[in-house]
Amino acid sequence: MANPLDPKPDANLDSNSFLSGMNEGGAAERPFADKLDASMAKDRSVIGKNIKFRGELIGTEDLHIEGTIEGTVIMEGHDLSIGREGEINANIHAQNIVINGTLTGDALADELIEIRNTAVVKGNLIAPRIQLDDGGKFRGSMDMVDTDDEMKARHSEFKDKLVHPNLPPKDEASSAPAAKKSFAPKDSAKDQAKEAELADS
């Protein structure tokens, strides 16, 4: 006979539980996580208006610039946008380039360069498509590339422009540690002792 004080088994216990609907692998949460991962992948990095950068800037994700950049900007395969506050004094390469601010330098885009109505651009532009909005200021040359072979040729020519003038070439930079070794003291204690003996005699 069952004890009347024992709790009665509830047939709906599993369905009323806060864990109901979740299987062992937590698959019920996975769609949200997938959406979160996808939204984070679409996010871009931002250089704020109070940031000043000088040198070689290389990125592997989309970038939006509101600050000041001097040097070179290389965003191969990714998009680059320059905000209204952005001031770029650099040669740049990206998949798509959208300019709302100021660019002084040459630009190579694999797909599109767009100069918005608030932009001021001084430099040479190379891209299959170039769009200049009414009101945008531009001084320089536009080279709209027609074929893939022509684009490859422009890429190889443009690589020389993507080196910051105040940085050593990449070949020299890799050999820099070897050059530093030459500054080590050459004289050992024995050599110094011999020089002291010769000076006394």
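Which residues does glutamate 114 touch, not counting residues up to four places away in sequence? They are Ile97, Val98, Ile99, Gln131 and Asp133, where contact means heavy atoms within 4.5 Å. This is a predicted model, in which local features need pLDDT of at least 70 and side-chain atom pairs count only at pLDDT 80 or more, while totals for chains, interfaces and linings use all residues. Residues are numbered from 1 along each chain as its sequence is written, and side-chain values use heavy atoms, with hydrogens and water left out.

Glutamate 114 belongs to strand E8; helices (H or I, at least four residues) and strands (E, at least two) are DSSP runs numbered from the N terminus. The relative accessible area of glutamate 114 is 13%, so the residue is buried. Buried stands for under 20% relative accessible area, exposed for over 50%, and partly exposed for values in between, with a 1.4 Å probe and protein chains only. The side chain of glutamate 114 makes a polar contact of 2.6 Å with the side chain of arginine 116. Such a contact is a pair of N or O atoms within 3.5 Å; within protein, one must be able to donate a hydrogen and the other to accept it, and residues adjacent in sequence count only if both atoms are side-chain atoms. Glutamate 114 and arginine 116 also form a salt bridge, with the closest N and O atoms 2.6 Å apart. A salt bridge is a side-chain nitrogen of Lys or Arg within 4 Å of a carboxyl oxygen of Asp or Glu. Arginine 116 is partly exposed, at 29% relative accessible area.

Strand E8 covers residues 107-115, and seven of its nine residues are buried. Two strands pair if DSSP finds at least two bridges between them. Strand E6 (residues 87-99) runs parallel to E8, with seven bridges between them, and isoleucine 99 stands opposite isoleucine 115 in E8. E8 also pairs in the parallel sense with strand E11 (residues 129-132), over four bridges. There, leucine 132 in E11 is the bridge partner of isoleucine 115. Strand E10 (residues 125-127) is joined to E8 by two bridges, again in the parallel sense, and isoleucine 126 in E10 is the bridge partner of leucine 108.

E6, E8 and E10 return as part of the cover of a helix. What lies over the buried residues of H3 includes E6, E8, E10 and E13. The buried residues in H3 are Met151, Arg154 and Phe158. Seen down the axis of H3, these buried residues fall within an arc of 60°, so they line one face of the helix; the arc is that of the directions from the helix axis to the C-beta atoms. An α-helix has 3.6 residues a turn, so residues three or four places apart point the same way. On the face of H3 turned away from its buried side are the exposed residues Asp149 and Lys152.

H3 also takes part in charged contacts. The side chains of aspartate 143 and arginine 154 form a salt bridge with an N to O distance of 2.7 Å. Aspartate 143 is in strand E13 (residues 142-144) and arginine 154 in helix H3 (residues 148-158), so the pair ties together parts that are 11 residues apart in sequence. Aspartate 143 is partly exposed, at 23%, whereas arginine 154 is buried, at 17%. Salt bridges that share partners link Asp143, Glu150 and Arg154 into one network.

In the whole structure, a search finds four salt bridges. One of them joins the side chains of glutamate 70 and arginine 54, at 3.5 Å from N to O. Glutamate 70 lies in strand E4 (residues 68-75) and arginine 54 in strand E2 (residues 52-58), so this pair ties together parts 16 residues apart in sequence. Glutamate 70 is partly exposed, with a relative accessible area of 30%, and arginine 54 is exposed, at 61%.

Serine 81, in strand E5 (residues 80-82), is buried at 11% relative accessible area. Not counting residues up to four places away in sequence, serine 81 touches Arg44, Leu63, His64, Ile65 and Val98.

The chain as a whole has six helices and 13 strands. Of its 201 residues, 29% are buried.
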